[in-house]
Amino acid sequence: MNKLLLSFTLMAACVTVASSSVPVYLDETRTIDERVEDALSRMTTEEKVAMLHAQSKFSSAGVPRLGIPEFWTTDGPHGIRPEVLWDEWDQAGWTNDSCVAFPALTCLAATWNPDMALLYGKNIGEEARYRKKDILLGPGVNIYRTPLNGRNFEYMGEDPYLASMMVVPYIKGVQSNGVATCVKHFALNNHEVNRHTTNAIVDDRALYEIYLPAFKAAVQEGGAWTIMGSYNLYKGQHVCHNQYLLNDILKGEWGFDGVVVSDWGGTHDTEQAIANGLDMEFGSWTNGLSNGASNAYDNYYLAMPYLKLIKDGKVGTKELDDKVRRILRLAFRTTMNTRRPFGSLCSPEHIAAARNIGEEGIVLLKNDRNILPINPDRVKKIAVIGENALKMMTVGGGSSSLKVKYELSPLDGIRKRFGDKAEIVYARGYVGDPSGEYNGVVTGQNLNDDRTAEEIFAEAVETAKNADFVIFVGGLNKSAHQDCEDSDRAGLELPYNQDRVISALAKANKNLVVINISGNAVAMPWVKDVPAIVQAWYLGTECGNAIASVLAGDVNPSGKLPMTFPVALTDVGAHSVGDYPGTPRNDGSDIVDCSYSEGIYVGYRWNDKNDIKPLFPFGHGLSYTTFNYGKPSISSDRMAADGKITISIPVSNTGSRTGAEVVQLYITDVKSSLPRPVKELKDFKKVSLEPNQSAEIQFEITPDKLMYFDNERHEWVAEAGDFIALIGSSSSYIKNSVKFKLLSDTTNATNK
Ligand code: BGC
């Protein structure tokens, strides 16, 4: 044997020896299923049970003996939460745990741009990864049923199609970092009052058509690796261990192969947790959300009590193995994926992404006399009025509260953009909530004001009179009973007497823009008196820059509302015929039954059905340019049951600025055996056009877009007959329509 051949042979022998000594579960050339089975076969029952529950506020154990790492979770969903102590919610006091705050998910949804969702996911995933987190507790996709829900800002609006389209890229972006998303709160957690005791009563049709599609898309199209069970009950069973939602639908019908994580303190019963689909239990106690002693993780429902049932022979290990398989699969996708990237924190790219998403999600609701954008060369004195021009909004709101590298306020953003040409003056206008602390993170702002409300009001009116332009920045904040976890708003009105201030400002100066910062619709009794209104959401780190660039016209607004702005609460289905916030049972239990009696008629579906004119419709948003919609054409006006048709419509920019338009496709079923909404969003395209530029927008329609869910048959049905495709710039502003016919009935068990 020559020397070369000998050394090759020796090398090959070494490789064989080396690879055969690697246990299968550590061998990344093996399939995940092979690795899972191998790891499972090496584990003791005690080790398996130890994986099923928390070991600290935000982490769970791995298998130390086998080198399988711990899992570290983090909120979510707008930035990476600061570190807390092992057993407590108190701050750990680290100095390297500040993050970039991305805009709230309502803002992301308002971009109507799935590319922005991908960018968001990729960037926040990088922050999570750098901070050594394996599971990001977000995004949230609970449907916006009532504008009072304190957590709507963490979700993606009222429409199941829009939420589905936006959640999928977010998940893919995050998970491309080897960090799992934990899509929450599954399901029917649509308000915060009594969130642990509300029993949602919803018919299957509304469940499948309205409340589940975004979760289903998250699982089947996004490939989410974990899902968080919600606090509430459904069919009288807590959702964290719910036969119907977790076993039958999520794991059964949808084939979810990931991990069901409980919401923190959402587990209530060992036997139900074993049998009804929960895989990992978090937050049950240790002086946090629920009662109990510290260091009590061994007493969690899925800890010693489970082990005891197994040891006593009262339950078998079939469920245990299924849960552990799922958790091991998660490990191989995240902690044990040696190829996952390392992430990055507070990078210029993340800051730029936060700004871009914010700018693209801001919605121009009204712009009479084209008073916006503000020409920096034409105004000498700008009055900025309102508490939200100053107040830091990244601290507060509950579990999504952050500790940020920085947060640029609207006032500072306006000063930065306009301050070299114009004098910027500020007046408070009203005092809302001067507090600035959440879980030990303090904003450091002193917002106390000792003057009387009248003095503060008078100063604002005077300041407005003496300015060329007035920018009022108000809305809600992240304090209890505003946009905040664990409580709902008391009403649709703006708090702290802001309506009075705005009305007075409108009288004092005709050049007024009201910027509403909120995650929810608010009533605007002064809407006719105010020429320009901007919906600005919670924009995070780059808030001030994003707002200023829209005000100055550096960015042409292109956001569209992901929810209807009603005139009054009585215009909302949940408040009109629904049962918000539910009725306590009279049976000695603490259960509050909440009937979703409005059924599928949520948001614009309710307005359409009852011919109620909204304050601002779903899908609405103006631009500094104008768009013309031409005549649509259709590839065929007849669709076979397995066919598809294409609708094209020319859209052109008829104004003088480059701008983007969201062209929306709604579908009407002309005649149907079951009542159906007047129209439903089934597609949209965002297109950027230069002045005089046109584009041909194409929508492909397949029978699944024509389906409703039939409760009786438990399947999706499209009935033969006439349909109308409506193309518009909002749900109320339909520019054109085209008819077509579905030639025969078609059904689908899954509507995939
Ligand atoms: C919230 C979750 C959150 C968890 C951990 C719960 O109270 O409902 O959304 O992820 O706490 O902070």
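# Close-up views of a predicted model

**View A. Strand 15 and its partners.** Isoleucine 385 has phenylalanine 472, in strand 15, as its bridge partner. This is a predicted model, in which local features need pLDDT of at least 70 and side-chain atom pairs count only at pLDDT 80 or more, while totals for chains, interfaces and linings use all residues. Residues are numbered from 1 along each chain as its sequence is written, and side-chain values use heavy atoms, with hydrogens and water left out. Strand 15 (residues 469–475) runs parallel to strand 11 (residues 381–385), and 4 bridges join them. With strand 16 (residues 512–517), strand 15 also pairs in the parallel sense, over 6 bridges, and there glycine 474 stands opposite asparagine 516. Two strands pair if DSSP finds at least two bridges between them. Helices (H or I, at least four residues) and strands (E, at least two) are DSSP runs, numbered from the N terminus.

**View B. The two faces of strand 15.** Strand 15 is largely enclosed by the rest of the structure, because 7 of its 7 residues are buried. Buried means under 20% relative accessible area, exposed over 50%, and partly exposed in between (1.4 Å probe, protein chains only). One side carries Phe469, Ile471, Val473 and Gly475, the other Val470, Phe472 and Gly474, and both faces are covered.

**View C. Helix 13 and what covers it.** Among the buried residues of helix 13 are His350, Ala353, Ile357 and Glu360. Their cover includes helix 4 (105–111), helix 5 (114–130), strand 10 (363–367), helix 17 (543–552) and strand 25 (680–689).

**View D. Glutamate 154, a buried residue in a loop.** You will find glutamate 154 between strand 3 (135–137) and helix 6 (160–175), with a relative accessible area of 1%. Its side chain makes a polar contact with the side chain of arginine 151 at 2.7 Å. A polar contact is a pair of N or O atoms within 3.5 Å; within protein, one must be able to donate a hydrogen and the other to accept it, and residues adjacent in sequence count only if both atoms are side-chain atoms. Leaving aside neighbours within four places in sequence, glutamate 154 is in contact (heavy atoms within 4.5 Å) with residues including His78, Lys184 and Glu485. The loop between strand 3 and helix 6 also holds proline 139, and the peptide bond from glycine 138 to proline 139 is cis, with omega near 5°.

**View E. Glutamine 664 in strand 24.** Glutamine 664 belongs to strand 24 (residues 659–669) and is buried, with a relative accessible area of 0%. Its side chain reaches two backbone oxygens: that of valine 662 at 3.5 Å, and that of serine 729 at 3.0 Å.

**View F. Glycine 540 and its contacts.** Glycine 540 sits in the loop between strand 17 (532–535) and helix 17, buried at a relative accessible area of 9%. Not counting residues up to four places away in sequence, glycine 540 touches Ala101, Phe102, Thr394 and Glu407.

View G. The structure holds 0 disulfides, a disulfide being a pair of cysteine sulfur atoms within 2.5 Å. For cysteine 182, the nearest cysteine sulfur is that of cysteine 240, 9.9 Å away. The sulfur of cysteine 346 is 6.5 Å from its closest counterpart, in cysteine 99, which is too far for a bond. Cysteine 182 is buried at 0% relative accessibility, and cysteine 346 is buried at 17%.

View H. Which side of the burial scale does leucine 188 fall on, buried or exposed? At 3% relative accessibility, leucine 188 counts as buried; its phi is near 70°, a positive value in a residue other than glycine. Asparagine 692, also not a glycine, has a positive phi of about 70°, but asparagine 692 is exposed, with a relative accessible area of 69%. Leucine 188 lies in the loop between strand 4 (180–186) and strand 5 (198–201), asparagine 692 in the loop between strand 25 and strand 26 (694–701).
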